[in-house]
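Please have the viewer open and follow along.

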Amino acid sequence: MKIAVYPGSFDPVTNGHLDIIARGAKVFDEVIVVVLVNVDKKGLFKIDERVELIKRVTKDYPNVKVQSFNGLLVDFMRQKKATVILKGLRAVSDFEYEFQMALMNNKLDPEVETLFMMTNAEYSYLSSSAVKQVAKFGGCIRGLVPDEIIVDIISRIKGE
Ligand code: PNS
């Protein structure tokens with residue numbers, strides 16, 4: 001069985017993430033979405049809340065699992081006996097950051113390969129940070145994130 005692990009901070013999950021999950025689920029037997037801590041980012045949602053939001057929007061994908069992990073991605077991969085990291089690549093600006101992470105993960109565990117899927121052009125401008133900014137200043141986030149989680153994002157940003 002070919003398992004891919006799709007890691008990220010998913011704070012919150014966007015339609016761009018969901019597109020990669022859906023396409024990955026067609027290519028691999030199983031996709032494990034794992035919410036990890038990015039030490040460089042302050043979170044809007046707690047890790048468990050992010051997991052719950054992703055579970056909600058992926059409930060119709062039988063071969064997608066959602067988990068969280070506190071530690072190195074390569075340690076999670078070993079636990080799951082997975083060797084493929086799936087990542088989405090949006091613009092050239094993503095490349096350097098993703099290249100560095102892919103090399104670091106491969107250095108930490110040479111069995112691990114990172115495969116990049118090009119983002120759907122429709123979502124190439126989309127990021128969780130941009131969604132949070134738009135929502136913070138009252139812009140419309142419909143179409144940027146799955147409809148089922150819009151209320152959660154707006155309420156959290158308003159501090160409810
Ligand atoms: O969505 P993001 O914030 O770009 O995801 C980054 C993430 C969470 C995948 C990355 O920070 C990560 O893998 N964190 C876990 C710690 C780790 O394994 N670091 C080594 C890779 S540099």
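Serine 155 is found in helix H6, which covers residues 150–158; helices here are DSSP runs of H or I with at least four residues, strands are runs of E with at least two, and both are numbered from the N terminus. Before going further, please note that this is a predicted model, in which local features need pLDDT of at least 70, side-chain atom pairs count only at pLDDT 80 or more, and totals for chains, interfaces and linings use all residues. Residues are numbered from 1 along each chain as its sequence is written, and side-chain values use heavy atoms, with hydrogens and water left out.

Serine 155 counts as buried because its relative accessibility is 18%; buried means under 20% relative accessible area, exposed means over 50%, and partly exposed is in between, with a 1.4 Å probe and protein chains only. Ile150, Ile153 and Ser155 are buried in H6. The buried residues of this helix pack against helix H5 (128–136), where contact means heavy atoms within 4.5 Å. After H6 comes glycine 159, with a positive phi near 80 degrees.

## The ligand site

Which residues are closest to the ligand? They are Ser9, Asn38, Lys41, Leu73 and Tyr97, and 13 residues surround the ligand in total; a residue is near a molecule or strand if one of its heavy atoms lies within 4 Å of it. In the side chain of serine 9, an N or O atom is 2.5 Å from an oxygen atom of the ligand. For lysine 41, a polar side-chain atom lies 2.7 Å from a ligand oxygen atom. A polar backbone atom of valine 37 is 3.3 Å from a nitrogen atom of the ligand. The ligand taken alone exposes 540 Å², of which the protein buries 81%; accessible areas come from the Shrake-Rupley method with a 1.4 Å probe, and for residues only the protein chains shown count as cover.

Asparagine 38 lies in the loop between strand S2 (30–36) and helix H2 (47–57). Is asparagine 38 buried or exposed? Asparagine 38 counts as buried because its relative accessibility is 18%. Leaving aside neighbours within four places in sequence, asparagine 38 is in contact with Ser9 and Tyr97. Its side chain makes a polar contact with that of tyrosine 97, at 3.4 Å; a polar contact is a pair of N or O atoms within 3.5 Å, and within protein one must be able to donate a hydrogen and the other to accept it, while residues adjacent in sequence count only if both atoms are side-chain atoms.

## Aromatic rings

How many aromatic pairs are there? The count comes to three, on the rule that rings of Phe, Tyr and Trp (its six-membered ring) pair if their centres lie within 6.5 Å, with planes under 30 degrees apart counted as stacked, over 60 as edge-to-face and the rest as tilted. One of them joins phenylalanine 69 and phenylalanine 76 in a tilted pair, 5.4 Å centre to centre with 55 degrees between the planes. Phenylalanine 69 is buried, at 18% relative accessible area, and phenylalanine 76 is buried at 1% relative accessibility.

The pair of phenylalanine 95 and phenylalanine 99 is stacked because the ring centres are 5.2 Å apart and the planes are at 15 degrees. Both residues lie in helix H4 (residues 92–108), four residues apart, or about one turn of the helix. Phenylalanine 95 is partly exposed at 45% relative accessibility, and phenylalanine 99 is partly exposed at 44%.

## Backbone features in two loops

The peptide bond from aspartate 11 to proline 12 is cis, with omega near 0 degrees. Proline 12 lies in the loop between strand S1 (3–8) and helix H1 (15–27), and phenylalanine 10 lies in the loop between S1 and H1 too. Phenylalanine 10 has a positive phi of about 45 degrees although it is not a glycine, and this residue is buried at 2% relative accessibility.

Lysine 81 is found in the loop between helix H3 (73–80) and strand S4 (84–89). Its phi is positive, near 55 degrees, in a residue other than glycine. Lysine 81 counts as exposed because its relative accessibility is 76%.
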